[in-house]
Amino acid sequence: MARNEQDLLSPEIVNCGIKSSEPNSGSLTFSVKVQRRISDFLQLVSLKYVKLGYHYLINHGIYLATIPVLVLVLSAEVGSLSREKLWKKLSEDACYDLAIVLFFFTVFVFTIFVYFMSGPRSIYLIDFACFRPHDDLKVTKEQFIEMARASGKFDEASLQFQKRIVKSSGVGNETYLPKAVMSDENSATMKEGHLEASTMMFGALNELFEKTRIRPKDVEVLVVNCSIFNPILSLSAMIINHYKMRGNVLSYNLGGMGCSAGLIAVDLARDMLQANPNNYAVVVNTEMVGYNWYPGRDQSILVSNCSFRMGCSVVLLSNCRRDYLRVKYSLEHLVRIHRGADGRSFRFVPSVFFHHSCLDCLTFCDQFNATL
């Protein structure tokens with residue numbers, strides 16, 4: 001029986017007392033009853049629809065309450081008149097006063113204005129930019145395997161495994177790797193991580209500001225997403241210091257949230273723009289390849305070496321209505337589902353990544369102690 005079916009069964013032990021009949025006369029007997037429980041309501045009905053309906057009711061409650069009343073009053077007034085009386089009232093007895101017409105027209109326009117202004121502001125994507133490294137960092141599939149072989153850090157089994165992964169992972173011949181990856185020295189250092197981060201982030205941001213002609217001081221919200229490399233000072237602080245941004249910029253640095261943090265970063269920027277009208281937000285998504293490089297022979301960890309390459313993308317979001325004519329896209333829907341409460345989803349990440357993180361932590365501690 002499937003486990004889901006077992007969870008729906010509810011056993012119950014009932015004391016039947018002492019039996020006087022054979023063959024169990026004089027002994028205490030029990031009976032076990034197994035009943036099927038009603039399935040949990042949370043498993044049958046998705047509460048997100050209830051939540052959406054509740055928010056819609058709260059946001060549009062005044063309109064849902066007043067419009068039916070006005071319709072009923074108008075229907076009762078019109079229904080009390082016959083067709084002849086109604087036509088006579090409209091054509092002969094109506095006395096149109098210019099002041100009254102202007103008053104009701106002003107009220108109508110004001111109501112429409114309040115309706116559109118009270119609703120959530122539209123979020124626009126003005127432009128985006130992707131960092132492209134220099135051609136001397138370009139590595140094809142064959143060059144990647146040859147560089148891994150020449151480094152002397154991998155045995156033949158590891159090299160053959162990486163070759164199979166690169167061939168089937170979809171990584172093309174137009175990808176890039178930092179020079180420190182295949183060097184004899186350890187590339188997983190804070191110095192190499194800072195160098196790679198500044199090269200990619202500043203290169204992408206320079207292109208974005210040049211394309212949009214937006215000054216860095218005009219940016220109100222800055223969201224940076226980098227899952228593993230999270231130094232102190234943060235990557236967002238590096239950007240603010242480099243571009244000399246405004247003192248009241250709202251900066252956020254997301255870390256340890258994996259590939260889904262790109263969507264989370266856009267969601268955070270949207271919420272910040274909804275609370276701060278007529279502003280700009282910059283979202284930066286990147287990851288440091290050199291800092292996360294694994295020079296060992298554990299094949300489960302070598303997968304990340306074959307799948308990730310240098311890259312950084314930045315987008316400029318705005319809620320200014322004056323930018324409507326030059327935007328590329330408009331954010332209509334953004335759906336997030338967090339599965340952290342599910343134990344199977346929470347334990348999905350293999351423990352080998354924890355082992356890799358511990359190695360990085362020990363490396364950082366050794367470097368820190370060396371500087372003391």
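**View 1. Arg149 and its salt-bridge partner Glu156.** Arg149 counts as partly exposed in this predicted model, at 38% relative accessibility, where partly exposed lies between buried, under 20% relative accessible area, and exposed, over 50% (1.4 Å probe, protein chains only). Its side chain meets that of Glu156 in a salt bridge of 3.2 Å, N to O, a term that stands for a side-chain nitrogen of Lys or Arg within 4 Å of a carboxyl oxygen of Asp or Glu. Glu156 is likewise partly exposed, with a relative accessible area of 42%. The model is a predicted one, in which local features need pLDDT of at least 70 and side-chain atom pairs count only at pLDDT 80 or more, while totals for chains, interfaces and linings use all residues. Residues are numbered from 1 along each chain as its sequence is written, and side-chain values use heavy atoms, with hydrogens and water left out.

View 2. In one of them, the side chains of Lys211 and Asp127 meet at 3.5 Å, N to O. Lys211 lies in helix H9 (residues 190-212) and Asp127 in strand S3 (residues 123-130), so this pair ties together parts that are 84 residues apart in sequence; helices (H or I, at least four residues) and strands (E, at least two) are DSSP runs, numbered from the N terminus. Asp127 counts as buried at 11% relative accessibility, whereas Lys211, at 40%, counts as partly exposed. Glu220 forms another salt bridge, with Arg246, and the closest N and O atoms are 3.3 Å apart. Because Glu220 lies in strand S6 (residues 219-225) and Arg246 in the loop between helix H10 (235-243) and strand S7 (250-254), the pair ties together parts that are 26 residues apart in sequence. Glu220 is buried, with a relative accessible area of 8%, and Arg246 is partly exposed at 26%.

**View 3. A salt-bridge network.** Asp267, Arg270 and Asp271 are linked to one another in a network of salt bridges.

**View 4. Helix H8 and its buried face.** Helix H8 (residues 156-168) has 13 residues and reaches 19 Å from its first C-alpha to its last, close to the 18 Å expected at 1.5 Å a residue, the expected span being 1.5 Å times one less than the number of residues. Its buried residues are Ser158, Leu159, Phe161, Gln162 and Val166. Seen down the axis of H8, these buried residues fall within an arc of 160°, so they line one face of the helix; the arc is that of the directions from the helix axis to the C-beta atoms. On the other side of H8, Arg164, Lys167 and Ser168 are exposed. Just after the helix, Gly170 takes a positive phi of about 90°.

**View 5. Gln162 and the cover over H8.** Gln162, found in helix H8, is buried, with a relative accessible area of 0%. Leaving aside residues up to four places away in sequence, Gln162 touches Phe144, Ile145, Phe154, Leu302, Asn305 and Cys306, where contact means heavy atoms within 4.5 Å. What covers the buried residues of H8 includes helix H7 (141-151) and helix H12 (299-307).
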